[in-house]
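Reader: I am new to this structure and would like to go through it step by step. Please show it, and then I will ask about particular places in it.

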Amino acid sequence: MDIISLARFQFAMTAIFHFLFVPLTLGLAPIVAFMETRHLTTGNEMYERMAKFWGKLFIINFALGVVTGLTMEFQFGMNWARYSAYVGDIFGAPLAIEAFAAFFLESIFIGLWIFGRGRISKKLHVASIWIVAFAVNLSAFWILFANGWMQHPVGYEIQNGRAIMTDFTVFLTNSYSWSKFLHTMLAGFTTASFFVLGISAWHLLRKNETEVFTSSFKIAAVFGLASSFLVFVMGDFAGGEIAKVQPEKLAAMESHWETARNVPFYLFVFPDEENSRNVVELFGIPGMVSFLSFKDFNAEVKGLRDWPKEDRPPVLPVFAGFRLMVGLGMLFMLLSAVSVFIAFTGRAGRWSWFLKLLPFVIPLPYIAAELGWIVAEMGRQPWIVYRVMRTTDAVSPSVGSGQVMFTIISFVFIYGLLAALDIFLLAKSARKGPEIAPAKGAAS
């Protein structure tokens with residue numbers, strides 16, 4: 001493999017691996033904060049035990065996620081030096097704010113929440129976990145706004161061969177970045193909801209701590225239904241943004257080749273990239289792609305043949321990733337609606353088959369999130385900064401293939417250990433359940 005392919009593979013591998021930790025961190029923090037708030041407002045000790053249990057799982061995931069994120073930023077200097085030199089003045093600003101503001105808040109208040117229980121006021125203790133929940137999502141905000149600028153560069157100009165930010169307000173109001181951030185944040189909430197639902201279902205089937213896990217199940221079901229519905233709405237909004245600013249990506253997502261109006265949505269398609277066509281197109285819904293893209297059944301949608309082959313994104317992974325992600329998103333709405341139904345009608349005991357299903361659903365939101373990332377990043381190719389800088393022009397000139405291969409092997413080994421440790425610790429803590437409740441009167 002050449003240096004560009006190796007550098008691409010390394011960044012894709014580290015990004016995909018790091019993103020295994022991110023969605024659960026984004027979503028589980030507000031769920032734990034809600035449980036802490038219920039403890040404060042009701043005085044029910046069950047909510048405190050619940051918050052401690054799910055909070056422990058959050059901390060395990062958060063700590064390992066931070067470690068995996070560090071290597072990604074190092075790669076910009078190591079493998080992508082030309083990119084860093086060309087757009088570093090813009091791309092570096094949100095990353096610097098993320099490090100000094102969001103990560104600072106996370107570090108301070110997560111410590112206050114972990115060690116402050118019983119040592120600081122209850123209100124300050126609850127406020128600390130809410131600040132952590134805000135900070136982890138603020139961290140995602142700055143990173144996704146940096147990425148959103150790469151997808152849709154705004155508020156800049158080229159001076160002396162470098163991209164210089166000319167309007168930070170335009171950067172902050174980039175509608176593409178907002179859609180990307182909200183879609184990702186809500187996907188994280190969905191991931192955390194199914195994580196809590198799956199583990200709660202596992203314990204309910206074994207009649208362990210029934211009160212704690214029945215309440216956890218209810219909270220996660222409501223949280224999951226709201227977030228899975230909203231992530232679908234934001235996905236539709238994000239699709240509209242892509243149609244406006246990245247028409248090649250939209251065409252790849254739909255495997256659409258010829259520019260036309262009233263473009264149908266085919267339920268089954270098999271692309272033939274080599275010959276710029278689809279081998280199979282079945283069950284078309286007239287005008288649906290035009291409507292989903294521009295809210296007009298007769299709108300014109302550009303086809304991939306409008307661009308030379310070297311400017312087209314890879315179609316098959318983008319198309320397949322998008323279809324699978326949408327299919328999983330619809331499944332999450334259905335499963336969370338059923339979860340709400342059985343949670344609030346007391347049918348959990350009679351619907352054991354559904355409880356048995358939920359632990360196997362835990363990996364699916366992770367897969368959907370990774371597919372979304374693949375659609376976003378591969379759909380932008382061949383550009384590293386859309387229509388500003390090609391990926392092939394961004395790689396470091398002085399790094400050799402052997403050096404990149406060595407770091408890939410090292411990362412695979414280290415990340416493999418971290419993944420095994422994360423799964424082992426999460427599974428061990430999840431199976432153990434919450435701490436045993438103190439006997440009544442023990443405190444006195």
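Reader: Which side chain does Lys295 meet in a salt bridge?

Author: The model is predicted. Side chains of opposite charge can pair when their charged atoms come close. For Lys295 the N to O distance is 3.3 Å, and a salt bridge needs a nitrogen within 4 Å of a carboxyl oxygen. The partner is Asp236.

Reader: Why does Lys295 count as partly exposed?

Author: Partly exposed covers the range between under 20% (buried) and over 50% (exposed). Asp236 falls in that range because its relative accessibility is 32%. Lys295 counts as partly exposed because its relative accessibility is 46%.

Reader: Arg305 and Glu258 also meet in a salt bridge; what is the distance, N to O? How many residues apart in sequence are the parts that the pair ties together?

Author: The N to O distance between the side chains of Arg305 and Glu258 is 2.7 Å. Arg305 lies in the loop between S6 and H11, and Glu258 in the loop between helix H9 (247-254) and strand S3 (260-261), so the parts tied together are 47 residues apart in sequence.

Reader: Which residues do salt bridges that share partners join into one network? How many salt bridges does the count come to?

Author: The network consists of Glu36, Glu48 and Arg117. By the 4 Å rule, the count comes to 12 salt bridges.

Reader: How far apart are the mean positions of the positive and negative charges of the protein chain?

Author: The protein chain has 35 positive and 31 negative charges. Their mean positions are separated by 12 Å.

Reader: Which residues is Thr184 in contact with, leaving aside its neighbours within four places in sequence?

Author: Thr184 sits in helix H7 (residues 175-205). Its relative accessibility is 15%, so Thr184 counts as buried. The contacts are Phe19, Leu26 and Leu144.

Reader: Which residues does Met333 touch, not counting those up to four places away in sequence?

Author: Met333 has its place in helix H11 (residues 315-344). From Met333 to Pro359 there are 26 residues in sequence and 16 Å in space, C-alpha to C-alpha. The residues Met333 touches are Leu225, Ser228, Phe229 and Phe232.

Reader: What is the radius of gyration of the protein chain?

Author: The protein chain contains 14 helices and 8 strands. For 444 residues the globule rule gives 22 Å, and the chain comes close to that, so it is as compact as a globular protein of that length. Its radius of gyration is 23 Å.

Reader: What percentage of the residues of the protein chain count as buried?

Author: The accessible surface comes to about 20,400 Å², with 69% of it belonging to carbon and sulfur atoms. Of the 444 residues, the buried share is 50%.

Conventions:
Residues are numbered from 1 along each chain as its sequence is written. This is a predicted model: local features need pLDDT of at least 70, side-chain atom pairs count only at pLDDT 80 or more; totals for chains, interfaces and linings use all residues. Side-chain values use heavy atoms; hydrogens and water are left out. Helices (H or I, at least four residues) and strands (E, at least two) are DSSP runs, numbered from the N terminus. Contact means heavy atoms within 4.5 Å. The radius of gyration is taken over C-alpha atoms; the globule rule is 2.2 Å times the number of residues to the power 0.38. Buried means under 20% relative accessible area, exposed over 50%, partly exposed in between (1.4 Å probe, protein chains only). Accessible areas come from the Shrake-Rupley method with a 1.4 Å probe; for residues, only the protein chains shown count as cover. Lys and Arg count as positive and Asp and Glu as negative; His and the chain ends are not counted. The place of a charge is taken as NZ of Lys, CZ of Arg, CG of Asp or CD of Glu.
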